[in-house]
Amino acid sequence: MIAFLAISFSFVLFRALPGDAVTNISRVPNMPPEAREAIRAEFGLDKPLSTQYVLYLKELVQGNLGLSFQTRQPVLGEVLERVRNTIPMVGVGAVVAILVGTLIGVSAAYRQGTVRDRAITGTAMVLYALPVQWLAILLLVAFAGVLPTSGMSDPYLVDPSFWTVLLDRLRHMVLPSAVVTLVIFGSFALVVRSSQLEALGEDHVLTARAKGYGNRRVIWRESFRSALLPLVTLSTLTLGWVIAGGILVETVFSWPGVGLATVQAVGGRDYPMLQGIFLFITLSVVAFNFLGDVLHAVLDPRVVE
Amino acid sequence: MRLLRRLAHRPTIIAGIVIVLAFTLVAIFAPLLEPYPTDRPSGEPFEPPSSAHWLGTDDVGVDMLSLTIAGTQNSMLVGFAAAFVAILVGGTVGIIAGYRGGWSETGVVGVTDFFLVIPGLPLMIVLAAIFGQSIYHIVVVIGLLSWMSVSYVVRAQVHTLKVRGFVARSRSLGASDSYIIRRHILPHVAPLLVAQTVLAVAIAVFFEAALAFVGLGDLERISWGTILQQAFQHTAVSAGAWWAIVPPGVCIALVVLGCFLVGQGVEEAMNPRLGHAHVAPRSFARRSTWVEEER
Amino acid sequence: MSILELSDLHVWFDAPDGRSAHAVRGVDLSVREGERVGVLGESGCGKTTLILAAMGLLPSFATVGGRVCLDGIDVLADGEKSARTVRWTHAAMVFQGAMSALNPVHRVGKQIADPMVFHKQRSRSEARARTLELLELVGLPASVARRYPHELSGGMRQRAVIAMAVACDPKVLFADEPTTALDVVVQAQIGDLLCELAERLGLALVLVTHDIGMIAENSERAVVMYAGVVVEDGPTYDVLTAPRHPYTQLLLEATPVVNRDRPLVSIPGAPPRLDEPISGCAFAPRCPYSSRTCGTRPPLEGAGHVVACHAAAQGRLA
């Protein structure tokens, strides 16, 4: 349901809002009025809104998102390819952040009040506060000689084998993924910590302790599952967010993913591309949120079907 | 109030307040504090930090320290203005929706949930691309995309207040809606609003920098975001001119951290955790009871 | 023959601002096998802390003094480590508010069976069989094993918690306010269940409550606590009909009786703060019989029915 709303919202955004999205985005200095008219006609903007809407939906179903201004290729194909590039980089970064963040968050909760806990909390807060693009640039400067700092692969490889290509890609991925990890880790660790702290204070934890279980078991088997629920929802939200948030990271490292594509589309006044990207990003975030809701329902026996 | 006393006990909140205040002051008095003009070069391009230029110069030779101070003004301005918009809209919507309940609340919930799902930065980028890049547009765009989480939290708080009976009791005594809202709801929601405002400022500062970085900032004004963007675009990286990169980022990080400390501290003070963890690394202690304590 | 022995037990709690509260101030108590003891006192008198200490279940900001000997084992010798040796296998506890004592994400049967396997008493399948036996013992249908806690009513949950507590055949069962938040009918049932189980399984029962009725119905011996110390200890019937300590007397007088026309009485004043040192008898400020001797702490004395009160020892009580 929300997906449908999202699609409609996108339509409203790009077509129906005052400010004439098309001409603004497609703005070229000194554009002659005939050219502008031609664009309007091409996009069917001279037809009434309702007709446009229907046409929009029809084309969507057919997978037709228009042609990119910049590349003259179908938008859908372009977007998909960019997404294929983004997912590994962002995915690895996010997964590492989630796993490490969870472990560290649980550890901090267990050691609440100790020096270690305060150090962890402080570090997490600082990491959370750092602006993404700034952190990215710093890492870029720091590792400039050691690791590749732009693009996804080395264009000068001669007759590479599969493993060489893979290794090359991975080397290019290290820095941007690391940035993603660092940025997400902070907020994640903090949320895990507070969720686990709350779980550790619940009565059934005392019961578990009274049963003679050791601390390890009490933490992981008894209280972590209660703490897990908000984490799962947060994880899916994070994954959804990162697809969008990767914009800044991709810009810094010139990683040819969907984030960089967004920036390029804006810069190149590529209206169809921008619309396509936005639609795709929005839909995938919606999908992830939905996944989060489903997982929550599965994990929590208290949720009534 | 009790709340204020509880706040005063925590050093982290004090630190946060100090940081935010410091930056606010710098923002207000920026033109007086800049050692060098920001519209023309006062040194060589990419001069490293020296006694003349504490933070070095940028790609055209403008003093970095002055740039950073000037940037404080716009960045903090956007931060507060956008936060103001977010709180105003979010707070009002949250209170009214939570108070009224029924259809209006369901409608509001639907709208907020919908917008909460839509990814923020891409939407902001699109909106900024459509509507243009002046600072006013940016403030509105950021504000309009931040009000949702505010209203969500406020609405929840209003609900707990309703459950606690103030509302029903006052109504049965004949109090009007606006009276109830003013006397009963606002005082309880106020600290929450303060916490949310501060957090909204942090978010706004971040997004301002993000938008600027992708080229959608207000190009005629100096802000931390634009400084960073300029540095990146104009090869500060390859020139190794870290001084052109570090200051704006540090400022953003400090403001966000400060806001975060205050906001989180206020929220924690409002909802003190009542229990304690039942397991801990340390066991309980033992002590010999040979000491006679009572006569 | 004493299964539980507390010697000069002290418990201090450290507050974050550096102060510490002396919650249990020197308690000597011994419980025989199969004995049913009720510990009576108002909120804050230390009764809950007492039984938590008996199982070593104190938080890390607590400090303990004295000795707890449970079934021959020194529980407090080595902090958590020594305490773990008695938990569930020698002594178990039924906590206040069974609603939250059960883990919401695990099935009830699993929660009952797991400790048996953990403590290597039974195999998985044996534990499962025993679980069903236990459920029957507490009057629950076998289907409960497959359910989650939130699917059961309050009374059912409390019974499940009791079944869980006796799973590893402990010798002592501590029950902390087992019937608060339950309706009166269920309260009575649970009380009866506890007594019945204690008899059938040969358990010693230590029942902590502020509910005099509970004590009257379900214990053979009553221990009255005030401000961290035991003030009276004797056969329940004697303590409740012929109390020897002024506090107990006033407490019983203050209990509202439904079908008699009597004014409501209360004990003037309030219990002392436990973060400040108390000299002498803690009850003296509120006691109608206080005198100068009450400046020193009265020892527990008597035969069979002991009391810690100078006035009582001097025979000045009504």
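Analyst: In this predicted model, helix α5 (residues 102–117) of chain B and helix α7 (residues 135–163) of chain B have axes that come within 9 Å and cross at roughly 130°. An angle over 145 degrees would count as roughly antiparallel and one of 65 to 115 as roughly perpendicular; α5(B) and α7(B) are therefore oblique to each other. Their crossing is left-handed. On the α5(B) side, the contact is made by B:Thr112, B:Phe115 and B:Leu116, and α7(B) contributes B:Met148, B:Ser149, B:Ser151 and B:Tyr152. Sorted by class, the contact of α5(B) with α7(B) comprises 4 nonpolar and 3 polar residues, with no charged residues.

Chain B also meets chain A: 35 residues of chain B are in contact with 48 residues of chain A. On the side of chain A that touches chain B, helix α10 (residues 215–253) of chain A gives the most, with 9 residues. That side of chain A divides into 34 nonpolar, 12 polar and 2 charged residues.

Elsewhere in chain A, helix α9 (residues 203–210) has 7 of its 8 residues buried, so this helix is largely enclosed by the rest of the structure. The buried residues of α9(A) are A:His204, A:Val205, A:Leu206, A:Thr207, A:Ala208, A:Arg209 and A:Ala210. After α9(A) comes A:Gly212, which has a positive phi, near 95°.

Chain A further contacts chain C, with 15 residues from chain A and 20 residues from chain C. On the side of chain C that touches chain A, the elements giving two or more residues are α3 (98–101) and α4 (108–118) of chain C. By class, this side of chain C has 12 nonpolar, 6 polar and 2 charged residues.

Within chain C, 6 of the 6 residues of strand β9 (residues 221–226) are buried, so β9(C) is largely enclosed by the rest of the structure. C:Arg221, C:Val223 and C:Met225 point one way from the strand, while C:Ala222, C:Val224 and C:Tyr226 point the other way. Strand β3 (residues 36–40) of chain C runs parallel to β9(C), and 4 bridges join them; C:Val39 has C:Val223 as its bridge partner in β9(C). With strand β10 (residues 229–235) of chain C, β9(C) pairs in the antiparallel sense over 6 bridges, and C:Tyr226 stands opposite C:Val229 in β10(C). β9(C) and β10(C) form a hairpin with 2 residues between them; in the turn, C:Ala227 has a positive phi of about 45°.

Definitions and conventions: Residues numbered from 1 in each chain as written. Chains lettered and ligands numbered in written order. Predicted model: local features only at pLDDT ≥ 70, side-chain atom pairs only at ≥ 80, totals over all residues. Axes fitted to C-alpha atoms, helices over the stretch in contact; angles between N-to-C directions. Parallel < 35°, antiparallel > 145°, perpendicular 65-115°, else oblique. Left-handed = near helix turned anticlockwise from the far one by under 90°. Contact = placed C-beta atoms within 7 Å. Nonpolar A, V, L, I, M, F, W, Y, C, P; charged D, E, K, R; others polar. Buried ≥ 20, exposed ≤ 12 C-beta atoms within 10 Å, placed from the backbone. Pairing = 2+ DSSP bridges.
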